[in-house]
Amino acid sequence: MQRKVITVIKREYITRVKTKGFAASILLMPVMMCIMMVLPSLMMTLQHKSDETKTFVVFDETGAIFSRMQRALDEDPFFHHDGRRVYQLIEHPSDFNGNLEIKNQLNQQLEAKEIQGYIEIPADVFERLQVSYYAKNLTNFETQRAFRRVISQIVINKRLEDKGYAAHEVRTLMQRIRLTEYAVTATAEKVEDAETATVAGRETTFVKLGLTYILTFSLYIFTLLYGASVMRSVLEEKTTRIVEVIISSIKPYQLLLGKIIGVCSVCLSMFLIWGACAVLLLMNINPILGLFGRQELPPQLIEITNIIKSTGPSAFLYFLIYFVSGFFLFSTLYAVVGAICNSEEEAQQVVTPLVMVLVIPFMLMFGLFRVPDSTLTIVLSHVPFFSPLIMFMRISVLTPPLWEILINIAVMIATIVGANLVMGKIYKIGILMYGKRPTLRELWKWLHY
Amino acid sequence: MNLVQVENISKHFGDFKAVDNISFNIEKGAVYGLLGPNGAGKTTTIRMIMDIIAPDSGTIAFSGNRPSADFADRIGYLPEERGLYRKMKVGDVILFMAELRGMNRVDAFDEIDRWLQKMDLAEWKNRKIEELSKGMAQKIQFITTVIHKPELIILDEPFSGLDPINMTLLKDLMLELNADGATIIFSTHIMEQAERLCERICLVNAGKIVVEGDLKEIKKSFGKGSVEIEYSGNVDLIKNSRFVVSCNDFGQYVEVKLRAPEHYNALLRELVEASVDITRFELMEPTLHEIFVQSVQGEGGRADAA
């Protein structure tokens with residue numbers, strides 16, 4: 001009997017691993033992951049450091065601010081890109097005062113993209129603190145923030161001087177404190193060198209967050225993709241009626257089990273391949289760099305690799321535990337959706353609520369990241385369907401006590417067993433039922449057969 | 001010796017009685033027909049024999065034993081609507097099904113080659129199922145059903161959707177396997193097929209057995225209910241005869257249904273006396289189709305599809 005389950009596992013595994021899609025995923029997934037991580041910040045810098053110089057017309061009715069703006073933009077390297085200025089300012093000779101003629105003319109220039117916008121600094125700016133910014137596109141926050149900052153600084157300095165304070169003195173006095181963060185864990189080693197520990201403490205947190213993000217994202221995307229794969233496989237067997245032949249050889253629950261184990265192994269194989277590649281890469285990083293003519297990594301990256309090296313196997317062990325348990329839970333449900341439907345189109349509709357149950361914790365995670373010890377996070381992390389993502393996130397960023405983790409895992413296992421018992425019944429009947437999809441009431445009746 | 005014994009099995013789904021107290025025995029080496037209209041309970045009965053679903057009541061035994069997982073390996077089953085894993089290669093699909101039926105790989109490899117050769121599909125072994133034509137896929141399906149040399153072969157509507165050439169091929173293979181000792185159960189709603197292949201039949205309708213037993217006996221017991229008459233003269237004489245229930249005019253001849261089987265002599269006398277020129281007067285055995293319609297209508301006209 002066990003041999004036949006292995007036959008099923010083998011089929012599910014080999015038919016997936018042998019496809020071009022599998023090879024492509026192995027190569028493309030890390031690339032996509034990198035793009036998704038890097039792209040947003042890349043976009044921000046691109047936006048700021050675009051090649052073209054942005055031209056703005058300034059109405060300076062105070063007569064005192066324009067030259068200081070010019071100087072501020074000249075002096076700050078932040079406003080330069082490849083030796084060129086990012087912002088080009090032109091002072092308009094006349095006053096604005098809502099003059100329609102000037103406005104129309106400027107709007108035409110805006111339309112023709114000769115200028116990117118215009119700024120009106122009224123004469124009473126030092127009292128009313130009001131400056132107007134006109135542009136075609138108001139979502140360019142970077143530019144708006146830059147002007148707000150530069151003009152604010154000038155106005156503040158002017159107001160300070162008017163009251164008889166020296167601006168640079170005030171700035172020195174107003175300096176903020178530095179807050180350095182340390183993650184305290186039960187196993188933290190004694191800090192020897194306070195100075196380096198300060199830097200490491202902060203960077204570790206960031207790298208850890210990044211790593212957690214990658215791992216939770218993998219949990220999410222693989223459950224989503226390969227759960228659907230289980231569903232399609234159940235549907236295929238049902239619509240071709242192969243399932244009737246198979247379940248006369250093995251019990252339906254054995255078929256389901258073989259299927260889930262087979263598909264789960266495909267995912268684990270991928271993780272294994274990536275993990276092995278990453279380890280090899282980290283161990284041989286210097287020879288590989290030598291190929292590109294570099295001696296060693298830039299110091300920040302060395303820091304990152306060191307942190308990853310020091311992360312230890314426990315994080316990855318938890319990853320495996322929560323991936324496997326989450327996968328078993330969700331793919332069982334996916335399989336049931338496949339069993340009660342008659343076509344892929346139908347299944348796509350029915351599966352939506354299930355996908356929601358996966359998407360919701362993933363969405364919540366971004367908020368919960370910040371408050372990993374809040375009651376809400378703790379409660380959600382113990383909801384079985386949310387556990388794989390949220391509990392794993394909690395473990396990665398905060399590490400709750402071991403007993404809590406163990407209880408959580410026990411609850412997960414109990415849920416999986418329960419789900420398999422209940423869903424196995426529906427699956428068993430569903431795969432032999434054709435025609436109309438059962439209603440919820442009928443499903444309830446099936447449980448009592 | 002009976003290979004399969006089905007005793008008083010019933011199965012209902014909710015309020016619907018799919019199978020209602022059915023019993024029959026199948027002798028070893030028989031070709032057994034399970035007949036009836038669509039929705040009569042054939043597939044449910046087969047599924048219970050295959051131990052895919054459990055009967056609500058009644059028992060099924062193989063050679064006197066309760067069905068076991070072990071016995072599943074000695075059955076070959078071709079479900080009604082076939083398909084195979086479309087993305088898999090022909091050889092791999094057959095191997096998978098053979099392993100599920102408990103064959104070891106080495107034996108399976110040999111058998112796969114032998115069967116593909118026999119079916120003229122050897123060069124398709126490494127092609128994907130989705131590349132095959134429908135007829136080829138059906139042949140592969142048949143191979144997966146019989147590759148493990150089952151003692152009992154269950155074929156659910158095996159001929160539906162087959163072209164005449166493949167139908168003949170499949171029929172010949174069925175008879176060949178039967179000659180080698182395999183017992184065959186096959187279900188169909190097309191009575192002519194059953195009539196040609198089966199020794200024994202079980203006719204079911206609305207979950208109940210209508211007739212069961214040796215086909216020849218059944219035919220005999222239903223008597224010779226109709227007469228074919230070739231004649232020249234006035235057809236109205238035949239139509240209006242008091243011995244005739246109905247009369248079907250085919251131009252060259254008429255098919256006449258008698259009020260009672262023993263009335264044929266009376267009818268012949270009547271026609272001769274009325275100087276109708278008769279060139280042929282033949283008593284016909286009832287076809288399975290007629291038996292079916294007759295029995296089902298006797299039950300209250302519940303045959304909506306035959």
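Student: Which residues of α3(B) meet which residues in α5(B)?

Tutor: Good place to begin, and keep in mind that this is a predicted model. On the α5(B) side you will find I140(B), I143(B) and T144(B). Sorted by class, the contact of α3(B) with α5(B) has 6 nonpolar residues, 1 polar and no charged. The residues that α3(B) brings to meet those of α5(B) are V90(B), V93(B), I94(B) and M97(B).

Student: Are α3(B) and α5(B) roughly parallel or roughly perpendicular to each other?

Tutor: Two packed helices are described by the angle between their axes and the distance between the axes. Here the axes of α3(B), residues 90–100, and α5(B) are 8 Å apart, and the angle is about 30°. Angles under 35 degrees count as roughly parallel. The two helices α3(B) and α5(B) are therefore roughly parallel.

Student: And what is the handedness of the crossing of α3(B) and α5(B)?

Tutor: Let's keep looking at this pair, whose angle is about 30°. For the crossing of α3(B) and α5(B), the answer is right-handed.

Student: At roughly what angle do the axes of α5(B) and α6(B) cross?

Tutor: Find α5(B) at residues 134–146 and α6(B) at residues 164–179; their axes come within 11 Å. The arrangement counts as roughly parallel, because the angle of crossing makes it so. That angle is roughly 10°.

Student: Which residues of α6(B) make the contact with α5(B)?

Tutor: From α5(B), the contact uses G135(B), Q138(B), K139(B), F142(B) and V146(B). Counting both helices, the contact of α5(B) with α6(B) holds 5 nonpolar, 3 polar and 1 charged residues. The residues on the α6(B) side are N166(B), L170(B), L173(B) and L177(B).

Student: Which residue in β2(B) is the bridge partner of Q5(B)?

Tutor: β1(B) and β2(B) run antiparallel and are joined by 8 bridges. In β2(B), the partner of Q5(B) is N25(B).

Student: Does N2(B) count as buried or partly exposed?

Tutor: N2(B) lies in β1(B), residues 2–13. Beyond its neighbours within four places in sequence, N2(B) is in contact with N25(B), I26(B) and E27(B). A residue needs 20 or more other C-beta atoms within 10 Å to be buried. N2(B) has 16 C-beta neighbours inside 10 Å, so N2(B) counts as partly exposed.

Student: How many residues lie between β11(B) and β12(B) in their hairpin?

Tutor: β11(B), residues 244–249, and β12(B), residues 254–258, pair in the antiparallel sense over 5 bridges. D249(B) has V254(B) as its bridge partner. In the turn, G251(B) has a positive phi of about 90°. The number of residues between β11(B) and β12(B) is 4.

Student: Last one: how many residues does chain B give to its contact with chain A?

Tutor: On the side of chain A, the elements giving two or more residues are α1, α8 and α9. That side divides into 6 nonpolar, 6 polar and 6 charged residues. Chain A gives 18 residues to the contact, and chain B gives 22.

Conventions:
Residues numbered from 1 in each chain as written. Chains lettered and ligands numbered in written order. Predicted model: local features only at pLDDT ≥ 70, side-chain atom pairs only at ≥ 80, totals over all residues. Axes fitted to C-alpha atoms, helices over the stretch in contact; angles between N-to-C directions. Parallel < 35°, antiparallel > 145°, perpendicular 65-115°, else oblique. Contact = placed C-beta atoms within 7 Å. Nonpolar A, V, L, I, M, F, W, Y, C, P; charged D, E, K, R; others polar. Left-handed = near helix turned anticlockwise from the far one by under 90°. Pairing = 2+ DSSP bridges. Buried ≥ 20, exposed ≤ 12 C-beta atoms within 10 Å, placed from the backbone.
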